[in-house]
Amino acid sequence: MELEALTGCLSSLSCTVTQISTGLIIGMLLFLVASGLSLIFGVLGVINFAHGSFYMIGAYFAFIAYQTTQSFTLAILAGALGVGLFGVVFERLFMSKVYGRDVLMQLLVCYAFILILDDVVKILFGGEYKLMGMPQAFALPPFQIGGGFIPAYYVFMIGISFAIGVLLWFGIAQTRFGKVVRAAAINPQMVGALGINTTMLYAMVFGLGSLLAGTAGALAAPIRTLTPGMGLSILIESFIVTVIGGMGSIVGAFIAALLIGMTRAFGSMAFPLFVDGTMFAIMAIVLIVKPSGLFGRPVH
Amino acid sequence: MWAQSSRRDLALAALLLIALVALPYIFPHPAMRDFIIYVIAYGLLAMSLNLLVGFTGLVSFGHAAYFASGAYIFGLLMQSGEVSIPVAMLATVGGTALLALVIGAICVRLHEIYFAFLTLAFQMFIHSVILTWVSLTGGDQGLMGGIPRPPFLGIDLGNSMTLYMFCVVLFVICLVIMRQIVQSPFGYTLRMIRDNPRRANFLGVNVVAMKLAIFVIAGAIASVGGIVMALFVSGAYPEFAFWTTSGEAIFMIMLGGTQLFLGPLVGAILLQTLNHFVTIYTEHHGLVLGIVILIFVLGLRRGLADYVYELIQSRKAAAAEPKPRAEPAQATFTDETRLADKGANT
């Protein structure tokens with residue numbers, strides 16, 4: 001415990017600003033991954049345990065696209081659309097075969113894919129760390145707020161993640177597609193009976209959820225090291241976020257992601273070795289007090 | 001009747017014990033003994049997990065946490081040099097039961113998919129504790145320096161043959177305990193909870209307490225698997241607590257089937273054999289294992305042993321009486337009740 005480090009930082013504006021920007025970066029990435037996980041669970045009732053691996057392949061798709069074209073825009077598109085498409089294929093060919101069956105079967109299909117994707121990445125890129133590097137467009141001087149420095153890419157990333165979040169919220173809350181999605185989450189049989197093609201809907205929702213994971217992976221590629229195992233830790237963290245926020249709630253995922261991001265940023269100063277422990281403690285407290293999460297529907 | 005069946009179980013256990021004890025005299029190759037100890041360690045992990053998955057319907061994806069806890073607590077106690085092996089074993093099983101009680105108390109109240117994920121999350125938490133608490137656990141190097149095995153009651157586990165016999169006896173004792181649990185009224189209550197938790201609750205069963213009890217028991221038995229493993233490799237490694245160990249245990253259950261008591265053990269033997277051959281031919285172990293899992297899940301749609309079991313059952317039924325409609329009708333009935341349950345829950 002180094003509480004004086006934390007209080008020391010909080011009393012200095014520049015340090016606080018830097019830590020807040022770090023917390024926002026972690027939080028926004030988590031939000032993108034967690035909202036996809038939450039969306040898929042809300043509508044299909046399936047936890048995609050391979051969601052973290054989708055984030056990983058998003059990062060690698062962006063890496064390949066950036067290496068070949070040197071265009072960062074194309075890299076993001078490759079990560080987002082590539083993984084979205086992969087998600088649709090995954091849902092149609094594999095996941096749809098185990099709907100309504102044992103959780104065990106869903107778990108095993110995802111487990112198989114985590115193993116396969118990790119190994120495929122290892123075969124293609126080797127087991128060692130890869131760096132994509134910062135795109136030329138962001139080689140700007142860092143922004144200076146209250147004496148704290150925030151790299152230009154951080155500002156871009158926070159902004160674009162926030163925009164995607166607002167778009168997603170708007171899409172779910174206001175559009176016709178969003179209404180169908182929300183209805184399917186509550187009563188899929190009724191939605192099917194009303195003549196809506198639920199097979200198509202499920203594939204689209206799965207694709208959208210995967211697209212969010214892929215986008216997060218692509219956005220993380222310039223600032224994170226790429227390794228075959230990078231999916232698992234974000235899977236666990238994004239699950240913690242969805243549990244705290246409440247399964248199926250986009251707003252909940254957003255608030256919980258910020259909470260976890262800030263906990264990681266400031267917690268790493270106060271108790272560097274026990275940051276993971278703090279996240280689990282928060283989750284455990286939320287589960288004990290409110291098992292459905294802060295913004296979730298009651299489980300029963 | 002209950003006494004009669006448990007007498008028969010005891011006789012079968014004695015036969016198994018004799019067979020396992022005789023095995024190294026029939027096949028004197030040490031690799032055979034090593035393989036069996038390995039299967040015992042992972043078999044105990046898979047069979048204790050099946051108490052949760054197969055008998056109670058609790059899909060835990062973090063069961064290896066208790067396996068690792070068994071290996072680490074036992075290893076640390078023995079390295080302290082202050083306790084004898086039996087005392088360390090009792091303390092390990094007790095300590096792991098306590099750990100499972102704390103984690104279980106938070107997890108068992110949740111529904112299936114939340115439960116699966118939460119157990120996974122707690123396991124990864126324990127894994128990260130093992131990795132970061134380097135001064136105690138040796139971090140990613142594992143518990144180094146070997147585990148001392150001082151003789152007790154005239155038993156010297158430093159001798160590899162004695163170690164084998166010791167593990168075999170431990171294994172059979174655990175099997176008998178698990179069999180007794182499964183056959184007891186408590187075991188039947190667990191099956192009722194699996195098939196219809198609402199009805200069980202309505203009949204006055206304290207579902208949460210029952211789930212917690214079996215969660216603790218399963219954790220304690222998994223820790224015995226961890227002790228066997230620690231004794232065998234003379235160390236403990238963070239991989240024991242990694243999620244893939246739990247995944248493999250789940251797959252062993254799937255491979256061997258959930259319907260037979262010994263199914264997970266069959267799965268452990270099959271998976272260890274598969275691993276053995278895969279690692280000879282390729283380093284891409286995950287790729288091969290993943291594809292095999294997909295073939296089983298999407299092709300057979302159940303465990304290998306369950307498939308064979310059902311095949312034999314339907315052959316028997318067909319031979320006894322030409323009544324082909326009976327079984328499908330039964331199947332649809334259970335499916336519908338399950339669906340109705342799901343609908344009511346969401």
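**Close-up views of a predicted two-chain model**

**View 1. An aromatic pair in chain A joins Phe54(A) and Phe86(A).** Phe54(A) counts as buried, at 0% relative accessibility, whereas Phe86(A) is partly exposed at 24%. Buried stands for a relative accessible area under 20%, exposed for over 50%, and partly exposed for values in between, computed with a 1.4 Å probe on protein chains only. This is a predicted model, in which local features need pLDDT of at least 70 and side-chain atom pairs count only at pLDDT 80 or more, while totals for chains, interfaces and linings use all residues. Residues are numbered from 1 along each chain as its sequence is written, chains are lettered from A and ligands numbered from 1 in the order in which they are written, and side-chain values use heavy atoms, leaving out hydrogens and water.

Helices (H or I, at least four residues) and strands (E, at least two) are DSSP runs numbered from the N terminus. Ring pairs also gather Phe54(A), Phe86(A), Phe90(A), Phe94(A), Phe113(A) and Phe206(A) into a cluster.

**View 2. Two arginines of chain B lie over aromatic rings.** Arg191(B) has its charged end over the ring of Tyr188(B), 4.4 Å from the centre. Arg179(B) lies over the face of Phe261(B), at 5.2 Å from the ring centre. A charge sits over a ring if NZ of Lys or CZ of Arg is within 6 Å of the ring centre and within 35 degrees of the ring normal.

**View 3. Ser35(A) is a buried residue in helix α2 (residues 13-44) of chain A.** Its relative accessible area is 0%. Apart from neighbours within four places in sequence, Ser35(A) is in contact (heavy atoms within 4.5 Å) with Leu168(A), Leu212(A), Ile250(A) and Ala253(A).

**View 4. Gly104(B) is buried in helix α4 (residues 85-107) of chain B.** The relative accessible area of Gly104(B) is 0%. Not counting residues up to four places away in sequence, Gly104(B) touches Leu212(B) and Phe215(B). Gly104(B) and Gly219(B) are 115 residues apart in sequence, yet 9.5 Å apart in space, C-alpha to C-alpha.

**View 5. Chain A and chain B meet with 41 residues of chain A in contact with 43 residues of chain B.** About 4100 Å² is buried between the two chains, 81% of it on carbon and sulfur atoms; buried area is the accessible area (1.4 Å probe) that two parts lose on being put together, summed over both. Helices α5 (103-125), α10 (230-245) and α12 (275-289) of chain A each supply at least two residues of the side that touches chain B. The largest share of that side, 16 residues, comes from α5(A).

**View 6. Gln70(A) has a positive phi of about 60° although it is not a glycine.** Gln70(A) occupies the loop between α3 and α4 of chain A and counts as exposed, at 52% relative accessibility.

Key. Phe/Tyr/Trp six-rings, centres within 6.5 Å; stacked < 30°, edge-to-face > 60°.
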